Amino acid sequence: MSTALIGPLLLLAILLAAIGAARRVKMWRQGKPDPNAVPFFKGIAAILPRYLHDLHDVVARDKKFANTHVATAGGFVASVLAMLVVYVFGGDSSFTYGLLAVTFSVMSIGAYQVKKRRDNPPANLSKGVWHRLPYSLLAFSLSGLCISLIQLLGIGNVPIVLTALLLGGVLLGLAELIFGMTWGGPMKHAFAGALHLGFHRRQGRFGGGRSTGLKPINLNENTLGVEKPTDFHWNQLLGFDACVQCGRCEKVCPAFAAGQPLNPKKLIQDMVVGMVGGDTRQYAGSAYPGKEAGKSDAARCGAPDKPLFEGLLDADTVWSCTTCRACVEECPMMIEHVDAIVDMRRHLTLAKGETAGKGAETLNNLIATDNPNGLSPQNRAIWAVDLKLDTMANVGKTDVLLWAGDGAFDLAYQRTLRALVALLRHANVSFAILGNEELDSGDLARRLGDEATFQRLAKANVKTLNKYIFNTIVTPDPHAFHVLKNEYADFGGHYSVMHHTEFLAQCVERESLTLNTAKAQSVTYHDPCYLGRYNGGYDAPRFLLERMGMTINEMERSGFRSRCCGGGGGAPITDIQGEQRIADMRMDDARETGASMVAVACPQCAVMLEGVVMPRPAVQDVAVMLLERVIDTGQSAGGRNG
C-alpha cells in the first residue's frame, strides 16, 4: 500500500496551521497590552503542567468525559507524533507500525465516545459545526488504524479505491484537527486553549492557587472600561477564543436558570464575534433567555472597533450577572467571564452613566454618604451604642478589628453583629471597631462598574486602617471580607482578614468557646459565593454546625457548586426581570433537603432567603446559632472588650 502522500500532507497541514496561528495571534493582539503578562518562554513552559493538572482537575469532575478526553486528545497527539516518525523521518518498522496502531486504537475509542455523547447531547452543548467533529475524529483515527495494520501485517495489493478512501480519511482528519486548530472550526480551542493556559491574565489561579479579586483600571485612560472588543486586554481575547462551547457555564448560571437575559456561553461567543467580525448566525447553542436567536441574529453584528452595545449586545445581559463565579468555577478552559462583564459594566457606568435599575441612585448615595442607602454616616455605629465597644480612635492598638460593614444599618443584620460581639467577649478576644470612621468597603460600587467610587472608598479606608495597629480584621460580611483581603492590596492595604466563621472556628478549636449541643436539629447550609467560590471558605461554617451537634443535610448544589442566592453583583439593585427569582430557586433547593433551618454566613444571603414567602425553613446566621449554644464559663463577665 502506497503511503507516500501521508508525510507531505502532514507537513502541509502543519505549515498551513502555522500560517493560521500567526493570523490568529495577530487577531488577539488587537487587544490592549497586559502590563503584567508573563514572558513568552515562561508562558510556553507552563502550558503542559497546567494542561495536565489544572485543566484536568476541572474536566475530571465528569469522570466519563474526562476519560473520553484523555483517550481522544492523548491518542491524537501520540498518533501525530508517531506519524512524523514513520512518514516524515522514515522510521518505518514493525515496532513503529504497531505503535501507530495502538495510538489510533486509543483515539478511536475516545472518538466513538464523543460520537455517542453527540448522538444525544445535553441541552447545554452547542451543536452546529460541533456535530461534525466526531466524524472527523473517527475518519482520521479509523483510517490511520487501518493503514497502520495493513503495513504492520505486510498486506499488499490493496485496492486503489480502498487506498483512496483511507488516505481521504487521513486528509479529512488533518484538515479538521491540525489545519482547523488555527483557522477556525470546532478544534480551534485546542490551540487557543493551550496558549490561554500559559498566558492567562490570572496566573495566580494555577498550581492550587486562587485569584478572584477584580483588577483596577487607570481612571485617567481615554476609554474607561470596555466599549469595544479591542478595549479588552489581548490575553482576555485569547481566553474568549479558547471557549469549547461545552455549556458548563450555562448549566450552572443562576441568571440563565431564572430566565434572565444572560447565557455566559453565548456571551463569550458574542465576544468572539466582536473580535473576529461578522454576525452571530453560526452560533448553534442556547440563546439568551427571552431572546430568540433565530429572529434577530442576522442583525447581531460585531467588529473589533465597533461598540459592543451597538448591535451585538443588550445592556441587560451584563446587568443580569450576580458575579457569583459559578461559570468561572466550572469552565474547563478557565475563562474569566465575570472580569469581562465587570469591564463592560465599567464603561456603561463611568462613560455612559447607564447603570441599570436603581444603580444610579445607589451610587449617588455612596458618593454623598459613603453607604448605599443614603443614611447618615454618623449613624454607622449606632448598632453598638449600648455595647460600650472600644473604638480604634480610642485604643489605637488591638488584636482584632471588627469590621461591621454596611449591614450595620440593617436591623436584621445587627443581630448577627451583636451575636459576634458577645462571642468575642465569651472567647476573651481583645477587639475594637472603627465606628464612624469605617466607610463602605466599595464592593457594591465596584461590581456596578463605578471604579472611581470604589477606588475613593478603598483609599480612604486604607488610610484609616493604616493609622492603627491590629493583627486581624474579622467581619461577618463575605463581600467586605473579599475586597479587604483581595482587592485593597492594590491600594496599599495589606491585611490579615478572616470571615467570622473562620475566626469563631479557631476559638472553638482552642476551646476558648465551649458549646452545649443539647439543642441539635437538622439544618442545611447555604454557601455564600464570596466566601466559598471566591475564597475557598467551605469548611469553617460546617465545622461550627457539627460542633453544635447539628445534622447537616447538604443541598444538591453545595460547596463549590452552590447555587447563588441572587444577592451579589448588585443584582437586587439592577433588578433585571426573569421568569423566576433566584432566591426562590435556592430556597427550593433547601426545601428538598427536609431541613428545618437554613444556616447562612452572609447578611446579603440572609436578606435574599428571608425574602422568600412562607412556608419555608427558618434562616439564621451561624453566629446567632452559635451564641445560643455557648456555655458561659464566667470568664467573660463584664461589658467591655477582652
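This is a predicted model: local features need pLDDT of at least 70, side-chain atom pairs count only at pLDDT 80 or more; totals for chains, interfaces and linings use all residues.
**Entry 1: the β7 end**

I started with strand β7 (residues 522-525), which pairs with β8 in the parallel sense over two bridges. Looking for who faces whom, I found Ser522 standing opposite Thr551 in β8.

Next I wanted the whole sheet. It is an open one of four strands, in the order β8-β7-β9-β10, with parallel pairing. I checked the edges too: β8 (551-552) and β10 (618-621) are the edge strands, and each of them pairs on one side only.

Then I looked for a helix against these strands. Helix α23 (residues 539-547) lies across β7, β8 and β9 (597-600). I noted its angle to β7 as about 175 degrees.

**Entry 2: another open sheet**

I moved to the strands β3 to β6. Here I wrote down an open sheet of four strands with the order β4-β3-β5-β6, and the pairing is parallel. Which strands sit at the edges? I found β4 (431-433) and β6 (497-499) there, each pairing on one side only.

I then walked through the pairs. Strand β3 (residues 400-402) is joined to β4 by three bridges in the parallel sense. β3 and β5 also run parallel, again with three bridges. From β5 to β6 I counted three bridges as well, in the parallel sense.

From Ile473 I could step on to β6, where the bridge partner is Val497.

**Entry 3: the two faces of β5**

I remembered that side chains in a regular strand alternate between the two faces of the sheet. So what does β5 put on each side? I found Thr472 and Val474 on one side, with Ile473 and Thr475 on the other. These four residues are all buried, and both faces of β5 are covered.

I also looked at helix α22 (residues 500-509), which lies across β3, β5 (472-475) and β6. Its angle to β6 is about 85 degrees.

**Entry 4: two helices crossing**

Two packed helices are described by the angle and the distance between their axes, so I looked up both. For helix α2 (residues 40-59) and helix α7 (residues 188-199), the axes come within 7 Å and cross at roughly 110 degrees. α2 and α7 are therefore roughly perpendicular to each other.

Which residues make the contact? From α2 I listed Phe40, Gly43, Ile44, Ile47, Arg50, Tyr51 and Leu55. From α7 I listed Ala194, Leu195, Leu197, Gly198 and Phe199. Sorted by type, the contact residues come out as nine nonpolar, two polar and one charged.

**Entry 5: Asp34**

Asp34 lies in the loop between α1 (6-28) and α2. Is Asp34 buried or exposed? I read a relative accessible area of 10%, and the cut-off for buried is under 20%, so Asp34 counts as buried.

What is around it? Leaving aside neighbours within four places in sequence, Asp34 is in contact with Arg201, His233, Trp234 and Asn235. I also checked Asn36: its backbone nitrogen lies 3.0 Å from a polar atom of the Asp34 side chain.

Methods:
Residues are numbered from 1 along each chain as its sequence is written. Side-chain values use heavy atoms; hydrogens and water are left out. Axes are lines fitted to C-alpha atoms, for helices over the stretch in contact, and angles run from 0 to 180 degrees between N-to-C directions. Angles under 35 degrees count as roughly parallel, over 145 as roughly antiparallel, 65 to 115 as roughly perpendicular and the rest as oblique. Contact means heavy atoms within 4.5 Å. Ala, Val, Leu, Ile, Met, Phe, Trp, Tyr, Cys and Pro count as nonpolar, Asp, Glu, Lys and Arg as charged, and the others, Gly among them, as polar. Buried means under 20% relative accessible area, exposed over 50%, partly exposed in between (1.4 Å probe, protein chains only). A polar contact is a pair of N or O atoms within 3.5 Å; within protein, one must be able to donate a hydrogen and the other to accept it, and residues adjacent in sequence count only if both atoms are side-chain atoms. Two strands pair if DSSP finds at least two bridges between them.
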